[in-house]
Amino acid sequence: MASHSWEVPVALVKTDEGRVPSGVHRTMSDSDDDVPQLSASTLAALQEFYAERDGLATETTPEDKFSVGAVEEDWRMSQFWYSDETARRLAQEVLQAAGEGGRIACLSAPSVYQKLKQLEPNASAVVLEFDKRFSIYGDEFIFYDYNNPLCLPEHVGPQSFDIVIADPPYLSQECLSKVALTVKFLTKGKVLLCTGAIMQEEAEKLLGLKMCTFLPKHTHNLANEFRCYVNYQSSLDS
């Protein structure tokens with residue numbers, strides 16, 4: 001997924017490490033002994049940020065990290081989380097489709113991964129994501145850049161997942177065609193794709209998928225109509 005950055009007046013902006021005040025500019029002279037100077041207001045904002053962060057850290061429980069929204073969505077990386085109801089429905093779908101002991105790959109679909117881990121903590125699932133904030137999920141996190149669709153760790157073998165659920169970050173033929181290469185590599189056969197209705201023709205051409213009647217919804221309403229597509233008999237079509 002692509003990310004863009006720009007200059008913002010003194011405000012809190014999100015980075016991979018969390019939210020930090022932008023506009024904190026260091027003023028250095030020719031001497032290495034000079035210390036960067038912060039204004040009183042900027043220093044107060046910085047102290048407030050660290051106090052808030054430390055407070056959240058002490059309140060968070062192991063279960064909280066699997067809550068949908070535990071990692072805030074960042075629209076600059078085209079992140080839009082599913083509503084809790086949709087995340088639950090899709091999580092139940094992939095758990096059922098994978099079968100007992102089946103393996104699940106959540107490709108650019110972290111909110112589905114989070115919800116299925118809430119429903120079945122011992123489920124065998126991984127989340128493939130460009131956003132390294134999801135590395136909080138340890139060995140179940142796999143860094144993924146759709147621009148390099150087959151650049152995966154050696155331990156991720158071909159056709160090693162019973163189902164792959166994918167939600168490409170962009171509504172374009174170029175993005176879906178690259179994601180399709182990853183999906184074909186990972187899945188033993190079953191595929192659940194969540195993307196825009198305008199991608200119906202490409203979904204069928206690239207992956208042989210048919211549109212379901214189920215209408216996925218997001219926490220924040222999107223202008224584009226979203227749909228689900230599958231290549232197997234699914235409860236999403238009932």
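Here is a chat about how to read some features of this structure.

Colleague: Before we start, what kind of model is this?

Modeller: This is a predicted model, where local features need pLDDT of at least 70 and side-chain atom pairs count only at pLDDT 80 or more, while totals for chains, interfaces and linings use all residues. Residues are numbered from 1 along each chain as its sequence is written, and side-chain values use heavy atoms, with hydrogens and water left out.

Colleague: Is Ser-108 buried or exposed?

Modeller: Buried means under 20% relative accessible area, exposed over 50%, and partly exposed in between (1.4 Å probe, protein chains only). Ser-108 counts as buried because its relative accessibility is 12%.

Colleague: And which residues is Ser-108 in contact with?

Modeller: Contact means heavy atoms within 4.5 Å. Leaving aside neighbours within four places in sequence, Ser-108 is in contact with Leu-128, Glu-129, Tyr-144, Asp-167 and Pro-169.

Colleague: Which other residue has a positive phi, near 50°?

Modeller: That's Gln-159, also a residue other than glycine. Look for Gln-159 in the loop between β5 (141–143) and β6. Gln-159 is partly exposed, because its relative accessible area is 41%.

Colleague: On to cores. How many residues has the largest nonpolar core?

Modeller: A nonpolar core is a set of buried Ala, Val, Leu, Ile, Met, Phe, Trp, Tyr and Cys residues joined through side-chain atoms within 4.5 Å. The largest one here has 30 residues, and Leu-90, Val-112, Leu-116 and Leu-192 have the most contacts inside it. At least two residues come from each of α2 (84–98), β3, α3, β4 (124–129), β6 (161–166), β7 (187–196) and β9 (226–230). Helix α2 gives the most, with six residues. There's also a second, separate core of 26 residues, which includes Val-164, Leu-176, Leu-206 and Tyr-229.

Colleague: What does Val-112 touch?

Modeller: Not counting residues up to four places away in sequence, Val-112 touches Tyr-82, Leu-90, Ala-91, Val-94, Cys-106 and Ile-165.

Colleague: Where is Lys-117 found, then?

Modeller: Lys-117 is in helix α3, and it counts as buried because its relative accessibility is 6%. The side chain of Lys-117 reaches the backbone oxygen of Ala-123 at 3.1 Å. C-alpha to C-alpha, Lys-117 and Ala-91 are 8.6 Å apart in space, though 26 residues apart in sequence.

Colleague: Last one: at what angle do α4 and α5 pack?

Modeller: Axes are lines fitted to C-alpha atoms, for helices over the stretch in contact, and angles run from 0 to 180 degrees between N-to-C directions. Helix α4 (residues 173–186) and helix α5 (residues 200–207) pack at about 35°, with axes 10 Å apart.

Colleague: Which residues make the contact?

Modeller: From α4 there are Gln-173, Leu-176, Ser-177, Ala-180, Val-183 and Lys-184, and from α5 there are Glu-202, Ala-203, Leu-206 and Leu-207.

Terms used:
Helix = DSSP H or I, 4+ residues; strand = E, 2+ residues; numbered from the N terminus. Polar contact = N/O pair within 3.5 Å; in protein donor to acceptor, adjacent residues only side chain to side chain.
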